[in-house]
Structures are given as structure tokens and as C-alpha cells.
Amino acid sequence: GAYDYVVSSQSDFNVIIDRTAANQYRIKDNIKSIYVKYLAGGYQMTGATSPLQGGDAYGYIETNDCTRIVFEPEAFIDMAQSQGYLRVDTDDCYLDSVSIAGDKGGVSTANRSFDLNANRVLFSNCKTYARLVGGIAFHAFTGSTTAAHNDSSFYDHCHVYDIDGNGVGVTAFHDGKNITNSFIY
């Protein structure tokens, strides 16, 4: 189907992201659906070419009003060594093949890659990989503190791999329910 926005370059990615507070970003209000094409090296969420502003060293992204996010195979958001993640705060959101990666170049304070904060979310074929963490436990897919969010959301064919806890605990699905056909390796 049609999408409100197709992302095929770093500048396209930067255009759809708004800063709302220190280290807090969101997909712009008018964007309800996104198709993200493959980009060699991924879409940067740290560094000079990223959408970061105001001196932020990292940013987490909220889905805001976006209800459909689809990534092409091998497309990913590169959080590098930062603690960035994607917070799904939109009811009835569908994420297909969304991937969050790092670069394992150094120890970060990352504690999650996906954060659930909405009802009836479907994570389909979503992935997180190449994250090196330390100091605090890492929960790849973090469930919500609201039980209804966890009860009504699903994780299908999701992947968690190449995570180095560097001496701290690593959990693939923390507080998540309704997990099917998923892979942890």
C-alpha cells in the first residue's frame, strides 16, 4: 500500500524526526506510515549526520502518531555505541522488519532496543543486534509497565543476536508476552 513517507537517504530520515526534549525525539505528527529502504551503513542516530540537535549525544525515538513502519530487508537504524532505542507509544502500531543495531565499538549504557508503551502493537520480524552494553542490564525488547499493553501486543519472528552484555544480564524479551517463532542467538 501507499505510505506517507518513503525514507531512502540519511537526509530523508532526518526530515521525519523532531526533537521534543533532551535526548528525546519522535516521528513527526503528520506521518502515519513509513517505508524505509536499505541504506549501506544504516540510518545514523548518533554523530554529525544524524538528526541529533541541542548537543545531544544520543536520542531515543518515539513512534508518536505513526501506526505503520516497514523496513526493507537489511535496512536498520544504527545506534552506534549510544543508549538509543525505539519507543512504541502508538496504539495499534504495526512494525515490520524494523531493525536496531549498534557497532560494538565500545561499551555503552544501552539498556534496550525496543520499548513498548502502547496497546495492540505487532512486532513482526523485528531485530536487534551488534549491541555492546555494560554497567546495567540490557532488555532487547522491553515490555510495558502497563499490563494491558503487554497483554494486547505480539512479537512474531523477532530476532535478538550478537548482544554482548559485558558482564551484565541480557534479556531478549523483558515483561513481553505473546512471543511466537522468535530467535535468540
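**Reading the model**

A: Begin with burial: of the 185 residues of the protein, 51% count as buried. Please keep in mind that this is a predicted model.

Q: How does the radius of gyration of the protein relate to that of a compact globule?

A: A compact globule of 185 residues would have a radius of gyration near 16 Å, and the protein has 15 Å, so the two agree. Along the principal axes, the C-alpha atoms fill a box of roughly 35 × 35 × 30 Å. The protein exposes about 7,800 Å², of which carbon and sulfur atoms supply 48%.

Q: What share of the contacts with a separation of 6 or more comes from residues 24 or more positions apart?

A: Such residues account for 78% of those contacts in the protein.

Q: How many helices and strands does the protein have?

A: There are two helices and 20 strands.

Q: Through what do the strands of a sheet pair?

A: In general, strands of a sheet pair through backbone hydrogen bonds, in either a parallel or an antiparallel sense.

Q: Which residue of strand 8 is the bridge partner of Q44?

A: The partner of Q44 in strand 8 is D78. Strand 5 and strand 8 (residues 77–78) run parallel and are joined by two bridges.

Q: Is strand 14 mostly covered or mostly uncovered?

A: Strand 14 (residues 127–132) is mostly covered, with six of its six residues buried. Next, consider its pairings. Strand 11 (residues 99–101) runs parallel to strand 14 and is joined to it by three bridges; in this pairing A101 stands opposite Y129. Strand 14 also pairs in the parallel sense with strand 17 (residues 159–164), over five bridges. There, L132 has D164 of strand 17 as its bridge partner.

Q: With which strand does strand 1 pair over three bridges?

A: Strand 1 (residues 5–7) pairs in the parallel sense with strand 4 (residues 33–36), and V7 has V36 as its bridge partner in strand 4. Strand 4 pairs in turn with strand 7 (residues 68–71), again in the parallel sense, over four bridges. Within strand 7, I69 stands opposite I34.

Q: How many aromatic pairs does a search of the whole structure find?

A: The search finds 13 aromatic pairs. To classify a pair, one examines the ring centres and the angle between the ring planes; planes under 30 degrees apart count as stacked. The rings of F114 and F141 have centres 4.6 Å apart and planes at 5°, so this pair is stacked. The pair links distant parts of the chain, since F114 belongs to strand 12 (residues 112–116) and F141 to strand 15 (residues 138–142), 27 residues apart. Both F114 and F141 are buried. One aromatic cluster is formed by F114, F123, F141, Y155 and F173.

Q: Where does the charged end of R68 sit?

A: For a charge over a ring, one looks at its distance from the ring centre. The charged end of R68 sits over the ring of Y3, at 4.1 Å from its centre. In another case, R112 lies over the face of Y85, 4.5 Å from the ring centre.

How values were computed: Residues numbered from 1 in each chain as written. Predicted model: local features only at pLDDT ≥ 70, side-chain atom pairs only at ≥ 80, totals over all residues. Heavy atoms only, no water. Buried < 20%, exposed > 50% of the residue type's maximum accessible area, 1.4 Å probe, protein only. Pairing = 2+ DSSP bridges. Phe/Tyr/Trp six-rings, centres within 6.5 Å; stacked < 30°, edge-to-face > 60°. Lys NZ or Arg CZ within 6 Å of the ring centre and 35° of its normal. Rg over C-alpha atoms; globule rule 2.2 N^0.38 Å. Contact = heavy atoms within 4.5 Å. Areas by Shrake-Rupley, 256 points an atom, 1.4 Å probe, with all protein chains shown as cover.
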